[in-house]
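Please read the following report alongside the sequence and the structure, and take time to find each residue as it is named.

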Amino acid sequence: MSRPVRLMAAMLALTAGLTACSEQLTQPGQCPELCPGGTPQGQEVILTALTNSDSTFTGYTERASGSLMLIGSGIPTLADTSYGVLKFAARSDSILFRDTLRSYVIDSVRITLLEVAHDTAARNVQLQLYRLPSSLDTTALSYAGISPFFTPANFIASVQLPDTTEADTVHFLLQGASLTNVTLQPSDGGILAIGVAITGNIPTGGRVGNRLSILPPDFLTYVTPNSTPTQVQSIDIAAQFADYVSRQTPVLNPTFLTVGGVPSSRALIRFPWPAKLRDSVTIVRATLELIPTQPTAGLPHDPGTLNVRGLAVDFGAKSPVEPLSLGTLALQANIADTVRVEIATVVQFWQTGLLRPPAVFLSISPEVETFTQAVFGSSRSGSPPRIRLNYLPRFPFSSP
């Protein structure tokens, strides 16, 4: 075949092909010999915690590291009742005025506390102050040792907390006859010690700042120096000690998984991880399911945050967590139903390329600064934690 004839045949074939395609321009493409066949099929698997591989560990954060006092009346976390204890530095009996130390007359006293949160659903919630002995030994505090001082005879003042806001700066202003409630005798050595209680129409509690908070407890005295002329001055005293005592410390049951509390407890849970999930599937959703053995303890309308973190390496109680592997849930008080936390971002770290250990740490934040505490079933109690995993298997490409 001559060259012109071959060129003409090629052009005719091309034209025929274009004409065939132009007839389908408004229709979806159909190319079964090139496109994969099959339909993605989502699947679900339930991973149950490994037997005797889930445990509670306590003592990660001590109460002294927190910036808040947990003061309550009838809160289960605190074994019903807890009191705050404040002890201020000594106040001098003279003040420097016009380059001279002078005695003074007290005009008024203001005690300031930072109330971070309380149950706004409770009514007539009051913070109350009571006088404690100035000689109080803060190194050996106990509930039994200070509770006898919370009587009307030692009452100093109270402030009703607003129902509309959780956080507030609370000022106790004492003047006139009420100043006798905070009068310092020579035997007091200029030291004022105070107990803090909270009450309401129902069992309630509040979180109050201590010495480490952004607004520590403050004892401010307005005085008039004995001088002519004179001028009102102020003496500002910081708290040397601010802590709280509870009726008793709840005993943890090793059969279950306890999270939260003071000192803080965390739970380590290990899971099986089948080989097919390591590199052959796409994880769509992963839900950690925890079954409470009792209603979650805590302050209503002031939830703690349940954190579920993956591990970088499994060293047991001292395992470092993977910082980018996290699932969270606001954990309300009195939850008795199954607690579910989405942890797809945690489980994805268990796949090829990262291969972190298939285990999680549970904790509640802010540690030692929340009333929230939860007790969940374990692999030893008949209601083990489990992960409900939804995934897509590898796409079933068809042969061309």
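## Strands and charged pairs

Asp107 is partly exposed, because its relative accessible area is 32%. In this predicted model, Asp107 belongs to strand S7, which covers residues 104–118. Although Asp107 and Val223 are 116 residues apart along the chain, their C-alpha atoms are separated by 5.3 Å, and among the residues that Asp107 touches are Gln175, Tyr222 and Val232.

Another part of the model is an open sheet of four strands, in the order S1-S23-S17-S20 and with antiparallel pairing. Strand S1 (43–48) and strand S20 (339–342) stand at the edges with a single partner strand each, so one side of each has no neighbour in the sheet. On average, and with direction ignored, neighbouring strands of this sheet are turned by 25° against each other. S1 and strand S23 (residues 386–393) are joined by six bridges, and Val45 stands opposite Leu389 in S23.

Side chains of opposite charge can pair when their charged atoms come close. The count of salt bridges in the model comes to 13, and the table gives some of them.

| Pair | N to O distance |
|---|---|
| Glu44 and Arg388 | 3.1 Å |
| Glu289 and Arg386 | 2.6 Å |
| Glu322 and Arg356 | 2.8 Å |

Glu322 lies in strand S19 (residues 321–331) and Arg356 in the loop between helix H4 (344–347) and strand S21 (359–365), so this pair ties together parts that are 34 residues apart in sequence. Salt bridges that share partners also join Glu44, Glu289, Arg340, Arg386 and Arg388 into one network.

Conventions:
Residues are numbered from 1 along each chain as its sequence is written. This is a predicted model: local features need pLDDT of at least 70, side-chain atom pairs count only at pLDDT 80 or more; totals for chains, interfaces and linings use all residues. Side-chain values use heavy atoms; hydrogens and water are left out. Two strands pair if DSSP finds at least two bridges between them. Helices (H or I, at least four residues) and strands (E, at least two) are DSSP runs, numbered from the N terminus. Axes are lines fitted to C-alpha atoms, for helices over the stretch in contact, and angles run from 0 to 180 degrees between N-to-C directions. Buried means under 20% relative accessible area, exposed over 50%, partly exposed in between (1.4 Å probe, protein chains only). Contact means heavy atoms within 4.5 Å. A salt bridge is a side-chain nitrogen of Lys or Arg within 4 Å of a carboxyl oxygen of Asp or Glu. Lists of a residue's contacts leave out its neighbours within four places in sequence.
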